[in-house]
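Good morning, and thank you for joining this meeting.

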Amino acid sequence: MMACKCLATLSKRHWADFILLKDVNVGKFNIHIFQLSNLQSKIMTQSLDRNKLSQLLKNEEQLFHKNHPKSYELYQRARKSLHGGVPMLWMIRWAGSFPVFVKEAKGARFTDVDGNSYIDLCLGDTGAMTGHAPDATVKAIKEQIEKGITLMLPYEDVIWVGEELQRRFGLPYWQFALTATDANRFALRMARLITGRPKILVFNYCYHGTVDETFITLDEEGTPISRPNNMGPQVNPIYTTKVIEFNDVAALETALSAGDVAAVLAEPVMTNIGIIHPDAGYHDALREITRRTGTLLIIDETHTICTGPGGYTASHRLQPDFLTLGKPLAGGVPAAIYGFTEEVSRAFNEKLSLEDSDVGGIGGTLAGNALSIAAMKATLQHVLTDEFYSKATALQERFTQGVESVISEFDLPWIVKRLGNRSEYWFRPAPPKNGGEAHAAIDAELDRYMHLYTLNRGILMTPFHNMALISPETTQADVDYHTKIFKEAVHSLFG
Ligand SMILES: Cc1ncc(COP(=O)(O)O)c(C=O)c1O
């Protein structure tokens, strides 16, 4: 809400975006209280012609169809054996009206079955942040594959990986999983076992993989509810989970004061509802309150590993009880890790019955398999290096500057947010402070158009927001090409 005085600074065409809530008498003044009806996206729509957008989107869909006849043919065939015509249902949520079938991928590029070539700024939503099929990882995979793939016994190389993880993240003990989802699930189980507490706490619009307890959100009144798309939960997450907005210290204090929360599961910077940075001092408060209330802190670095070789934890000297990470760790081969402190390790050992450890809820026959360990070692040793990060981050800066120059040229109330080697544009004038604000600013139709426009011109952005992940294999020319295409897209809407 805001008082009308501030509105005077806005141009007249914005007035329709305010809902008069009430008039309040303060002394001799009659103050009009307005609600900003999702101001950010509305300000943008003042000059965005929605009919034009719909028509432009239709044109792009036709163009997509025309340029992808083989993908279309394969999709029709796939529908006869795969549910939805895809191996994972959300693969049909991409901007095209059917999925692009890939022929091959290397570095920051891939080609599709129709012979179209793309600059890949999605990079498997971080799974291929290293660039596709990095040489060092491929070499290690080829060598290992001849020497055994999975055994349920360790090879010596796994110790190198454990020691390297200690060095990067500062936590002494490590375990392996196949996906970041599993790493989070296992850390949560350990936290509940150690503390004897039933609940966990997450932030509104977080995503930590398909971890059942995390599919919770706040409704308009701020009441926790199961997320609307939560498919067949075994238990309504309102019974397992507390949910609050990110950056709200008072809410955190209240939620943890009851002493029934085993762990807070958090990305250090939210990335799955757009990039939301922590306020200054927020991580100190999070750590102090979790410690004081006996709550364990799990930092999920699966996406924020984009900020440096030791993730946000190392670069910002965070002190989590657990750290989880998956996706790019083994150059795209399924592999994940979770690490924890000496205290956690000791407390866990005290509660653990070794006889039950194989069927106690923490497992995965293929976890720690020889192939993924070999891939992890090579990726950590030769790919996700300091040089990787300095190159990729410099390219991200160029990307951000390019997009910002277009936004400023067209005088749009949009922003670009950045984190390490990721960068994304948002159709609102100020950065959201939390997931609720970010979610309210989503413009699905505009997102779709921007994605499809770039896709049709050979650039793959990350769904389902306008995010670009940049690898050192991306070139300056790729980044500049994106700026050119972004400008054309903006011109088609506002020119
Ligand atoms: C922060 C975060 N943690 C965990 C996961 C789960 O990763 P996976 O799907 O590989 O298990 C994701 C997936 O997007 C994620 O963004």
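Let me begin with a term. A polar contact is a pair of N or O atoms within 3.5 Å; within protein, one of the two must be able to donate a hydrogen and the other to accept it. Please also bear in mind that this is a predicted model.

With that term in hand, we may turn to threonine 214. Its side chain reaches the backbone oxygen of valine 211 at 2.6 Å. Threonine 214 sits in the loop that runs between β8 (199–203) and β9 (216–218). Is threonine 214 buried or exposed? Its relative accessibility is 2%, and buried means under 20%, so threonine 214 counts as buried. Beyond its neighbours within four places in sequence, threonine 214 is in contact with Ile200, Val202, Cys206, His208, Gly209 and Leu265.

I move now to the ligand. Which residues come nearest to the ligand? There are 13 residues around the ligand, and those that come nearest are Thr181, Asn272, Asp300, His303 and Lys327. Helix α7 (residues 180–195) supplies the largest share of this shell, three residues.

Several distances can be given here. A polar side-chain atom of threonine 181 is 2.6 Å from an oxygen atom of the ligand. For asparagine 272, a polar side-chain atom is 2.9 Å from a ligand oxygen atom. Alanine 180 has a polar backbone atom 3.4 Å from an oxygen atom of the ligand. On its own, the ligand has 390 Å² of accessible area, of which the protein covers 84%.

Next, consider histidine 283, which is placed in helix α9 (residues 282–292). With a relative accessible area of 13%, histidine 283 is buried, because that value falls under 20%. Setting aside residues up to four places away in sequence, histidine 283 touches Pro268, Pro278, Ile299, Tyr312 and Leu318. Isoleucine 337 stands 54 residues from histidine 283 in sequence, and their C-alpha atoms are 22 Å apart in space.

Where is tryptophan 90 found? Tryptophan 90 belongs to the loop between α4 (69–78) and β4 (102–106). Its relative accessibility is 45%, so tryptophan 90 counts as partly exposed. Together with Met88 and Phe464, Trp90 forms a nonpolar patch on the surface. The accessible area of these residues together is about 290 Å².

Thank you for your attention.

Technical notes. Residues numbered from 1 in each chain as written. Predicted model: local features only at pLDDT ≥ 70, side-chain atom pairs only at ≥ 80, totals over all residues. Heavy atoms only, no water. Patch = residues over 30% accessible without salt bridge, like charges linked within 9 Å, V, L, I, M, F, W, Y side chains within 5 Å. Areas by Shrake-Rupley, 256 points an atom, 1.4 Å probe, with all protein chains shown as cover. Salt bridge = Lys/Arg side-chain N within 4 Å of Asp/Glu carboxyl O. Helix = DSSP H or I, 4+ residues; strand = E, 2+ residues; numbered from the N terminus. Buried < 20%, exposed > 50% of the residue type's maximum accessible area, 1.4 Å probe, protein only. Contact = heavy atoms within 4.5 Å. Near = heavy atom within 4 Å.
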